[in-house]
Amino acid sequence: MATKIKYIAYVATSIDGIIAKSSKSGVDWTSTEDWNFFQKALIKMDAVVVGYNTYKVAEARLKARNTIVLTSKVGTIKVKGKVVFINPSKVNLKNFLQGKAYKKVAILGGSKVYDFCLRNKMLDELFVTIEPYVFGNGVPMFSSNKFKKYSLSLDSVKKLNKKGTILLKYKYANQTA
């Protein structure tokens, strides 16, 4: 039997749940402590899953690692070096990743990707860094406009700096297949 993949999402957000100013902007507003935590975590990952906009923002860094880009801009699968572009409405992402024999996959956003992974039970753990800002508007952490309740359980809380940056670790509580 194939090894079960562990899906781990990483999100940096403001207090009001905003992950970016726009779909074309990065997370240059996060703390050094969050960046350091994130980089140490990524070293342990076999692959990362991102949306097209997130890929375009961080393309230089992402094309050097096993990256799966979820996009409707391709028919099925398009490979460009270490980067694979997949249309998740035409390709079963779980089966594709299982076929690659990955053990740990990082989910890096944006909001549609977090949403997709949550709906498809591809979120075993969720690390949320809350930076002490309120933006008022921007890209929310999750994008679904359909109300559905998902249960997560808080595993740990860690204060990262004196400014008040907090790292939360959640586990997905609804782990029924």
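Predicted model: local features only at pLDDT ≥ 70, side-chain atom pairs only at ≥ 80, totals over all residues.
## Thr-13

Thr-13 is part of strand S1, which covers residues 6-14. Its relative accessibility is 1%, so Thr-13 counts as buried, the cut-off for that class being under 20%.

The side chain of Thr-13 has a polar atom 3.2 Å from the backbone nitrogen of Ile-18. Ile-18 is also among the residues that Thr-13 touches when those up to four places away in sequence are left out.

## Thr-165

Thr-165 sits in a loop, with strand S10 (152-159) on one side and strand S11 (166-172) on the other. Thr-165 counts as buried because its relative accessibility is 0%.

The side chains of Thr-165 and Glu-131 are joined by a polar contact of 2.6 Å. Leaving out residues up to four places away in sequence, Thr-165 touches Glu-131 together with Ser-31, Thr-129, Ile-130, Pro-132, Lys-158, Lys-159 and Leu-160.

## The largest pocket

Rolling a probe the size of a water molecule over the atoms shows where space is left empty. The largest pocket holds about 1,200 Å³ of space. It is lined by 46 residues, and those closest to its centre are Gly-51, Thr-54, Leu-108, Gly-109 and Gly-110.

By residue type, the lining of the largest pocket consists of 23 nonpolar, 16 polar and 7 charged residues.

Conventions
Residues numbered from 1 in each chain as written. Heavy atoms only, no water. Helix = DSSP H or I, 4+ residues; strand = E, 2+ residues; numbered from the N terminus. Buried < 20%, exposed > 50% of the residue type's maximum accessible area, 1.4 Å probe, protein only. Polar contact = N/O pair within 3.5 Å; in protein donor to acceptor, adjacent residues only side chain to side chain. Contact = heavy atoms within 4.5 Å. 1 Å grid on protein atoms, 1.4 Å probe; cavity = no way out; pocket = protein on both sides within 12 Å on 5 of 7 lines; lining within 4 Å. Points joined across faces, edges and corners; volume = space filled by probe spheres on them. Nonpolar A, V, L, I, M, F, W, Y, C, P; charged D, E, K, R; others polar.
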